[in-house]
Amino acid sequence: ALKNEKCICVAAGELHSGVVTMDGDVYTFGEGFCGQLGLGDRRPQLLPIQVTLGGLEDECVNNMSMGCRHTLVTTDDGDVYSWGLGRFGVLGRSYTDFTYNNDVGMAVPEGEEGHVVGVAARPPPMQAAAMDNIINAANDDGTNDIMAALDALNLTLDDPSDQCYPKVIDSLQGVRCVGVSAGHRHSMVLDEFGGLYTFGSGASGALGHGDLQGQEYPIKVQEFDNMRVRIHQFSAGVDMSLAVDTQGTVYAWGKASEGRLGLGMGRLQTALPREVDVGDAKFKAVDVECGYVHSLIVGLDGSVYQCGGVGVDGKDDGQQDLDIEENQRGLPRLLSGFNIWHRIAEPKEKVVKEQWKKYGKYELKGRSKMLQEGVRSIG
């Protein structure tokens with residue numbers, strides 16, 4: 001589907017992906033049960049499909065980010081469009097509930113402190129026999145049988161909710177936006193003057209407003225204005241956020257346990273942006289990326305620092321199982337042998353090649369010595 005298209009941006013969420021072409025068109029594919037593909041329904045797509053609803057077909061998109069179940073894009077005009085599961089306020093706008101047949105959906109009770117009450121669709125009661133029919137049809141790869149089973153339940157993947165298609169964030173009208181980042185359950189938007197806006201779940205202080213309150217609409221992070229800091233790059237992860245200002249300084253806030261923000265092992269969370277020190281006074285950052293339990297800081301010189309760690313081989317997440325000195329745990333760790341600007345040659349074991357020799361006087365002494373001996377003997 002993208003064979004003849006030149007792509008300028010790619011994004012990947014938890015279960016869905018998307019690309020932006022040079023012409024400013026948006027294509028999405030993957031899981032769509034929460035409307036995160038923006039195609040007007042909740043169906044999955046195996047191949048890239050162009051997103052044309054909500055007026056996006058007439059817009060020139062230049063940036064895109066995908067979170068757990070939602071998608072954000074910016075246009076050349078500076079507008080921000082959002083779609084997907086609106087729970088916690090990650091869409092930054094009002095939205096209509098998901099519906100199954102005539103049901104209106106149910107309110108999701110508040111969970112952890114700081115969560116915004118969201119909505120989720122409630123399917124009709126499903127009997128065991130009906131569920132067995134769907135599972136058997138899926139195992140047999142019988143698409144028609146699956147649809148028949150869904151029809152029997154009066155359950156459809158068509159949904160008129162405006163979570164299923166792009167819609168502009170009205171509260172940002174008049175603000176020219178140049179970047180977006182979709183986290184697990186919060187979102188971030190950057191304006192042309194380096195101002196940063198956050199919204200969604202405020203768990204662990206991920207929004208950077210000094211509290212744990214969630215926000216359904218974009219709110220500017222005032223701490224950066226107070227410090228007269230202009231943001232250049234930023235990233236939203238799982239209840240944590242990172243940003244780089246125009247001077248190359250890194251700031252972090254949100255969930256900080258296990259050293260995932262580079263602020264040490266003792267701090268569990270921070271609700272206001274805090275400067276991250278990589279241990280090099282000359283270091284200037286150009287980019288940051290947040291993951292689930294770790295984050296990365298990229299330097300102007302191409303060096304990469306890792307904060308936190310992902311547990312493998314049965315080990316816990318964090319840096320406690322890594323070979324790091326006690327006083328360095330929880331701080332940014334330079335990844336050796338890696339540079340984003342060029343590939344550092346990997347160390348190779350020196351192999352001593354054995355010279356090829358033959359048995360015999362000629363091969364042992366060499367041609368020149370044999371000739372010299374021959375000249376002497378003739379003389």
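Q: Over which residues does pLDDT stay under 50, and how many contacts beyond four places in sequence does the model have for them?
A: In this predicted model, pLDDT (the predictor's confidence in each residue, from 0 to 100) stays under 50 over residues 101–127. The model has 53 contacts (heavy atoms within 4.5 Å) beyond four places in sequence for residues 101–127. Where pLDDT is low, the predicted coordinates should not be read in detail. The chain averages a pLDDT of 83, and 71% of the residues score at least 70.

Residues are numbered from 1 along each chain as its sequence is written. Local features need pLDDT of at least 70, side-chain atom pairs count only at pLDDT 80 or more, totals for chains, interfaces and linings use all residues, and side-chain values use heavy atoms, with hydrogens and water left out.

Q: What makes Glu14 and Arg69 a salt bridge?
A: A salt bridge needs a side-chain nitrogen of Lys or Arg within 4 Å of a carboxyl oxygen of Asp or Glu. The closest N and O atoms of Glu14 and Arg69 are 2.8 Å apart, so the pair meets the definition. The two residues are 55 residues apart, with Glu14 in the loop between β1 (7–12) and β2 (16–21) and Arg69 in the loop between β5 (61–66) and β6 (70–75). Strands here are DSSP runs (E, at least two residues), as are helices (H or I, at least four), numbered from the N terminus.

Q: Why is Glu14 called partly exposed?
A: Buried means under 20% relative accessible area, exposed over 50%, and partly exposed in between (1.4 Å probe, protein chains only). Glu14 has 36%, so Glu14 is partly exposed. Arg69, at 21%, also counts as partly exposed.

Q: What makes the set with Leu242 and Val250 a nonpolar core?
A: A nonpolar core is a set of buried Ala, Val, Leu, Ile, Met, Phe, Trp, Tyr and Cys residues joined through side-chain atoms within 4.5 Å. The largest has 17 residues, of which Leu242, Val250, Leu261 and Ile297 touch the most other members. Apart from this core lies another, of 15 residues, among them Leu37 and Val61.
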